[in-house]
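Dear colleague,

I am handing over the structure below, together with some notes on what was found in it. Please keep it open while you read, so that you can look up each residue as it is mentioned.

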Amino acid sequence: MEQIRTLTPRTAVIWSVLRAELDRRAGERLSVLDVGGGTGGFAVPLAEAGHRVTVVDASPDALAALTRRAAEAGVADRVRAAQGDADALTGLVEPATVDLVLCHSVLEVVDDPEPVMSALVTALCPGGAASVLVAGRAAAVFGRAMNGQLDAAAALAADPHGTTGGRDTLRRRYDAADASTLLAAAGLVVEETHGVRVLADLLPAAVADGQQAALVELERALAARSPYRDLAAQLHLFARRPA
Ligand SMILES: C[S@@+](CC[C@H](N)C(=O)[O-])C[C@H]1O[C@@H](n2cnc3c(N)ncnc32)[C@H](O)[C@@H]1O
């Protein structure tokens, strides 16, 4: 896990946070639930690290790709693919059995994030942890403006959900405070908030590709620091269900 998938500018910060939790529970085989886990970009490395991972996703195609990927990695026996909805986990996952739940890039596309959060918390053991990744609002405002789409930038900044309206591919975007409030309302205690892709999306591809290790280090250095964190393309919150 360490060598490959942790070292990209898009995922290094998230893996740093997850690794701290895995280290804290070293020697345990954790029960992991990846809600909207897609093709297994996180699920498969976690299974490779010895954990049992259930991926719940609405898309049969994504789950088929996940199953192939898990087989190729030799961890098919530790990865379960379940088709279902993020806000209806009860029939798929026993309540209070999950040690670590991932919900990455999902809350911004579902109809309503609150029942999803509630379902995640129900699945977690007391003391279990949640890794939640959401789209950041400020980066989207800057991105539209830098592309010359000033109307879209203004709409996005003014919209209570942080979207540009009907044509937006996302249903909502978050500031760190909004995201934290959502998790707290579901009963989680937020322990850490990081910015993910503070710089990665702003650099020319040649720079990002040519200096990847330096970019990873810079992303790590800036991720927890204001104002950089708040300008990141995504916000990563690590939270815990009280024991
Ligand atoms: C942007 S992808 C993120 C995939 C993965 N979590 C990642 O970070 O790479 C969003 C995923 O959420 C799934 N999804 C969207 N709405 C869902 C829902 N209501 N219930 C379960 N999965 C959903 C999609 O099928 C897709 O695989």
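Is Asp201 buried, partly exposed or exposed? Asp201 is partly exposed, because its relative accessible area is 40%, where buried means under 20%, exposed means over 50% and partly exposed lies in between (1.4 Å probe, protein chains only).

Before going further, please note that this is a predicted model, in which local features need pLDDT of at least 70 and side-chain atom pairs count only at pLDDT 80 or more, while totals for chains, interfaces and linings use all residues. Residues are numbered from 1 along each chain as its sequence is written, and side-chain values use heavy atoms, with hydrogens and water left out.

Salt bridges

The whole structure holds 12 salt bridges, each being a side-chain nitrogen of Lys or Arg within 4 Å of a carboxyl oxygen of Asp or Glu. Asp201 forms one of them with Arg10, with 4.0 Å between the closest N and O atoms. Asp201 sits in the loop between β6 (189-196) and α8 (205-210) and Arg10 in the segment before α1 (12-24), so this pair ties together parts that are 191 residues apart in sequence; helices (H or I, at least four residues) and strands (E, at least two) are DSSP runs, numbered from the N terminus. Asp201 also forms a salt bridge with Arg197, where the closest N and O atoms are 2.5 Å apart, and Arg197 counts as buried, at 14% relative accessibility.

Another salt bridge joins Arg24 and Glu21 (3.1 Å, N to O), which are three residues apart in helix α1 and therefore separated by about one helical turn. Arg24 is exposed, with a relative accessible area of 52%, whereas Glu21 is buried at 3%. Through shared partners, salt bridges join Glu21, Arg24, Glu191 and Arg240 into one network.
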